[in-house]
Amino acid sequence: MADLSGIVKAYDVRGLYPEQLDDRLAELFGAAFVEVTEAEAIVIGHDMRPSSPGLAASFARGAVSRGADATIIGLCSTDQLYFASGDMGLPGAMFTASHNPAQYNGIKLCRAGAAPVGQDTGLGEIRAKVEAWLSTQPASPSPSSPSPTPGTITERDTLSEYAAYLLSLVDLSEIRPLKVVVDAGNGMGGHTVPTVFAGLPLDLVPMYFELDGTFPNHEANPLDPKNLVDLQARVVAEGADLGLAFDGDADRCFVVDERGRGVSPSAITALVAARELAKHPGGTIIHNLITSWSVPEVVKEHGGTAVRTRVGHSFIKQEMARTGAVFGGEHSAHYYFREFWNADTGMLAALHVLAALGGQPGPLSDLVASYDRYAGSGEINSTVDDQMARTAAVREAFATREGVTTDDLDGLTVTAKDWWFNLRPSNTEPLLRLNVEARDTPLMTKIRDEALTLIRTPPTP
């Protein structure tokens with residue numbers, strides 16, 4: 001039997017070389033997706049990677065072979081696909097490898113209304129069907145038992161509707177003129193930003209807006225500091241008010257202040273949370289356990305309820321739905337909105353930042369200072385030979401200290417009065433991911449270095 005365990009994981013299908021994710025496999029996934037979701041119609045989008053249009057078309061063929069109608073919206077950001085899924089009330093498929101390098105591609109799937117497809121909510125069943133078809137029909141171009149009445153394939157452009165909907169959620173009518181540099185990283189931000197920002201009092205300085213899935217300038221992964229260097233320099237050179245960087249499929253947005261310094265996604269989470277609580281007094285805000293202490297503090301100060309959850313798209317969306325939360329944020333710059341079907345959209349978060357900055361006279365650095373209260377290490381990856389053993393060594397060294405508590409919600413979190421850290425294993429690589437925060441930089445550095453020494457010291461034979 002074909003093993004797709006390395007292909008389908010968590011909530012999406014990605015991390016695939018072209019020889020693994022080909023047209024035939026995409027067609028099988030399209031058929032399986034329709035069978036599992038029992039959809040009568042679906043919506044499909046794709047990014048600018050060279051293989052994406054063909055894969056999307058193959059997925060559509062598989063879907064219509066099962067009797068579903070397929071609407072292809074073509075080039076789009078992932079949050080534009082979520083908009084289409086929510087607005088049209090249809091399950092959706094987005095062909096993208098997000099921020100991953102050029103040789104990768106994959107699929108992000110959602111149910112109608114942009115609801116997540118998780119391992120326990122359909123993804124495992126989809127994978128099982130595809131594996132079975134590959135095992136029993138290795139030479140067949142498509143799965144057996146097609147529908148006697150195939151569906152239809154139509155095309156539709158949703159970009160203008162997507163832009164109008166986002167702009168209806170944030171009041172930008174009174175903002176002062178702002179100069180903003182946007183680095184699209186040759187990804188889908190170059191497609192969506194011109195339409196969304198059109199008509200706003202913005203002096204837009206575009207960087208790498210040409211859609212190019214080979215990423216000739218830098219990887220479209222703003223989480224890696226080296227990919228922000230060009231934007232930071234350009235903001236300073238232009239005397240801009242801020243900079244925005246989008247990842248490859250433009251569902252995440254990173255912010256740079258007027259000095260060229262990166263603004264923590266936790267600070268953006270806190271800022272947007274305060275704005276959403278002003279609209280929805282007493283609301284619930286979701287944050288993952290890697291976000292700064294600042295986030296629950298700001299939520300409490302603004303009369304909201306903060307709910308801490310595991311890292312990851314599917315966990316955040318589940319908690320959003322369960323609690324009726326108005327907003328959720330992650331340290332990785334994923335931002336989720338109840339008004340956006342609980343889905344993540346970096347563009348809507350960017351509009352909130354523009355509204356907040358443009359609604360007062362000061363610079364962005366001053367605006368976010370009250371939301372950025374602690375010293376953080378950022379995420380530090382370490383390659384280890386035994387994730388469990390190294391984690392146990394860290395737990396043993398810290399857990400016995402006075403005033404220290406631990407929990408295992410997602411990896412190991414160790415908390416003291418003036419600092420905390422989280423240590424999580426990667427699900428796909430032999431890595432441990434460390435995040436440390438403390439009340440000041442010297443203390444953060446001390447705890448970080450202690451933890452890294454334990455993580456990276458080989459066990460005694």
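**Note on the predicted model: sheets, packing helices and selected residues**

1. Strand β12 (residues 253–256) pairs with β13 in the antiparallel sense over 2 bridges, and within this pairing Val255 has Val263 of β13 as its bridge partner. Strands here are DSSP runs of E with at least two residues, helices are runs of H or I with at least four residues, and both are numbered from the N terminus. Two strands pair if DSSP finds at least two bridges between them.

2. This is a predicted model, in which local features need pLDDT of at least 70 and side-chain atom pairs count only at pLDDT 80 or more, while totals for chains, interfaces and linings use all residues. Residues are numbered from 1 along each chain as its sequence is written, and side-chain values use heavy atoms, with hydrogens and water left out.

3. The β12–β13 pair belongs to an open sheet of 5 strands with mixed pairing, in the order β10-β9-β11-β12-β13. Its edges are β10 (202–207) and β13 (262–263); each has a single partner strand, so one side of each lacks a neighbour in the sheet. Helix α6 (residues 189–197) packs on this sheet, touching β9 (178–183), β10 and β11 (242–246), and its direction makes about 170 degrees with that of β10. Helix α11 (residues 346–358) lies across β9, β10, β11 and β12, at about 175 degrees to β11. Contact means heavy atoms within 4.5 Å. Axes are lines fitted to C-alpha atoms, for helices over the stretch in contact, and angles run from 0 to 180 degrees between N-to-C directions.

4. Another open sheet of 5 strands, also with mixed pairing, has the order β15-β14-β16-β17-β18. Here β15 (305–309) and β18 (343–344) are the edge strands, each with a single partner, so one side of each is left without a neighbour in the sheet. Helix α10 (residues 313–323) packs on the sheet and touches β14, β15, β16, β17 (335–337) and β18, its direction making about 165 degrees with that of β14. Strands β14 (residues 284–288) and β16 (residues 327–329) run parallel and are joined by 3 bridges; His287 has Gly329 in β16 as its bridge partner.

5. For the whole protein, the secondary structure comes to 14 helices and 24 strands. Of the contacts with a separation of 6 or more, 69% are between residues 24 or more positions apart.

6. Buried residues make up 57% of the 461 residues. Buried means under 20% relative accessible area, exposed over 50%, and partly exposed in between (1.4 Å probe, protein chains only).

7. How many disulfides does the model contain? The count is 0, a disulfide being a pair of cysteine sulfur atoms within 2.5 Å. For Cys76, the nearest cysteine sulfur is that of Cys110, 11 Å away. Cys76 is buried at 0% relative accessible area, and Cys110 is buried at 1%.

8. Ser52 lies in helix α2 (residues 52–65) and is buried, with a relative accessible area of 0%. Leaving aside neighbours within four places in sequence, Ser52 contacts His46, Asp47, Phe95 and Asn105.

9. Gly411 sits in the loop between β21 (405–407) and β22 (412–415) and is partly exposed at 27% relative accessibility. Not counting residues up to four places away in sequence, Gly411 touches Leu423, Arg424 and Pro425.
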